[in-house]
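Q: Please take a close look at the aromatic pairs of this structure. Where do they lie in the chain, and what surrounds them?

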Amino acid sequence: VLFRSPGIDEITVGGAFASDVHGKNSFKVGNFRQHVTSIKAVDRLGNLLEVFPKNFAEYIFGVELLVLEVRLKVKLGGSKTVLVKRIRFNDSDELVSLLNYSYRTSNHMISWLDCFFDGKKNELGRGYLDIVLKENYSNTKKRSNKFRDLVIRKISKVIFLTIGLFYTKKMVKYVNKLIFMRQKSKVFKVDFNSWNFAHKKIPNSNLIHWPNGFIEIQPLIKI
């Protein structure tokens, strides 16, 4: 099991290293490179190199060097379930207070914010924060229904392409309001992958932005 869990699973080990990916537990265990002991790569002239952590900063991986092999630290484990505490907050100041309180006791955290909310002063950024309270490992594997998954992907593709025709800022504000209103502070148990890769619960949802695409912004908050 990787110490550092990226936020998406459509990623290679070499890409994770080159980008030094972060995730929902970076505040505790650091980014991906902090768990890499060495890499083997080839430069533009075809020379094979072995690079160690003290020299990582000297190269632009993926440009100057092509990563061939990564040696990294892992930990024992299997499939994982997590006990999650969800807390609803009303503004970004409240979120920062929750982060300051929770990061000492939790190993994973993620937050959803409604950045379109234009309520009273200091109310920008209402949403909810998920805090992992406990992690449990097991050797059982979750079975998947490939036919069902295929049908869901086909149907969702049509739905999101259709919704995209009416996709406006006003619509996003309304949907965000519904998401926020239906959230309640609670504690629940969930499969780690389902929680960590939450974007995969609704396949093809990114097609709602077709054909213009979208820009993803990840703000850094000092706590």
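A: In this predicted model, the count of aromatic pairs comes to six. One of them joins Phe-17 and Phe-56 in an edge-to-face arrangement, with 4.9 Å from centre to centre and 80° between the planes. Phe-17 belongs to helix H1 (residues 13-19), whereas Phe-56 lies in the loop between strand E2 (48-51) and strand E3 (65-72), so this pair ties together parts that are 39 residues apart in sequence. Both Phe-17 and Phe-56 are buried.

A further pair is formed by Trp-112 and Tyr-128, which are stacked: the centres are 5.9 Å apart, and the angle between the planes is 20°. An angle under 30 degrees is what counts as stacked, while one over 60 counts as edge-to-face. Trp-112 is part of strand E5 (residues 109-114) and Tyr-128 of strand E6 (residues 126-138); the pair therefore ties together parts that are 16 residues apart in sequence. Trp-112 has a relative accessible area of 19% and is buried, and Tyr-128, at 15% relative accessibility, also counts as buried.

Phe-17 and Phe-56 also belong to a cluster, in which ring pairs link them with Tyr-59 and Phe-61. Phe-17 has a charged neighbour as well: the charged end of Arg-33 sits over the ring of Phe-17, 4.8 Å from the ring centre.

Notes:
Residues numbered from 1 in each chain as written. Predicted model: local features only at pLDDT ≥ 70, side-chain atom pairs only at ≥ 80, totals over all residues. Heavy atoms only, no water. Phe/Tyr/Trp six-rings, centres within 6.5 Å; stacked < 30°, edge-to-face > 60°. Helix = DSSP H or I, 4+ residues; strand = E, 2+ residues; numbered from the N terminus. Buried < 20%, exposed > 50% of the residue type's maximum accessible area, 1.4 Å probe, protein only. Lys NZ or Arg CZ within 6 Å of the ring centre and 35° of its normal.
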